[in-house]
Amino acid sequence: MYLVRSVLNRSRNIQISVGGSLKTRTMSMEGRYYTAADYHDHFNPNAYLNTYYSDPDGHPDDAGILPFIMEQLHKLFYKEGVSGDRLIDIGSGPCVYSFVSACNNFKEIIASDYIEVNRKATRQWLNKEPGCFNWKPIIERVCSLEGHSNIEEREKKMREAIKDVIHCDVHQSNPIAGSPYKDPFDCVLTLCCLESVSTTKESYIQALQNVTSLLKSGGTFFQFVQPFRSYTVGDKKFAGVLFDQRFLEDAPLQANLTDMTFAIKRNTGDRASTLDFEFGMTIVAKKI
């Protein structure tokens, strides 16, 4: 079960103490916790994909989060018909599942990530290289939500729609500076990204503002955010920050977003060692 609610044009003020930071742990199975600064050297995309995306039901520790995300993307693009010319996913990681529902609705999709190993994994799938990750079970699940089983056709459509895989840095005022893409996008996605690389409320807000600057006025913003204590990739444990729900719901107001809709999936199980979190939430909004 999950909760869905909408907020239109809220004007509640948000108080954030300047310089105030949230605690992060800096101790993995190797005796330490890894942080965002370690992604370049220590993140293993193959281990990540095999752990969290091999099964369309997701990892047992993620409490049904992966199906929840797919359902919300299906709702946005298939049921509600959000569409346009250009879509960008900021912080795609080594993943393409966010495009399964979107590829029918946009002429041009851009994937992006901060680290090259993740961008390489995406390109390997796009180019059908030997050893690339098998996304067919995920694609099949989304196709089943649409009432058909045209998996090969959907894979082909995805590869046609994804035009580029580029570098991004959400902590830069223009997260895709240096890319050839200068005009704002009709739709911006970001999943499991900002909370993974922001250690304070201030840095999270700034990253959100940077990302939404890529969106045209009236465009659609979709975010999945999952504050976590830690998650495991291979033999390494990455530390996170437990941003609270109220803060995450108020944050879009500081990023020129309005007409927010939230859907929340809570983790009702015990704290898990592989993925330790309390809730995940989708945020759908429009750019002012």
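**Charged pairs in a predicted model**

Arg-32 counts as partly exposed, because its relative accessibility is 32%. Keep in mind that this is a predicted model. The side chain of Arg-32 meets that of Asp-38 in a salt bridge, with 2.8 Å from N to O. Is Asp-38 buried or exposed? Asp-38 is buried, at a relative accessible area of 13%. The cut-off for buried is under 20%, so Asp-38 falls inside that class.

Why do such pairs form at all? Side chains of opposite charge can pair when their charged atoms come close. A search of the whole structure finds 15 salt bridges.

Now go to helix H6, which covers residues 151-161. Here Lys-156 forms a salt bridge with Glu-160. Their closest N and O atoms are 2.6 Å apart. Where do the two residues sit along the helix? They are four residues apart, so about one helical turn separates them. Lys-156 counts as exposed, at 52% relative accessibility. Glu-160 counts as partly exposed, at 40%.

The side chains of Lys-216 and Asp-186 meet in a salt bridge, at 2.8 Å from N to O. Lys-216 counts as partly exposed, with 31% relative accessibility. Asp-186 counts as buried, with 16%.

Finally, look for a network. Which residues take part in it? Salt bridges link Glu-116, Arg-119 and Arg-123.

Notes: Residues numbered from 1 in each chain as written. Predicted model: local features only at pLDDT ≥ 70, side-chain atom pairs only at ≥ 80, totals over all residues. Heavy atoms only, no water. Salt bridge = Lys/Arg side-chain N within 4 Å of Asp/Glu carboxyl O. Buried < 20%, exposed > 50% of the residue type's maximum accessible area, 1.4 Å probe, protein only.
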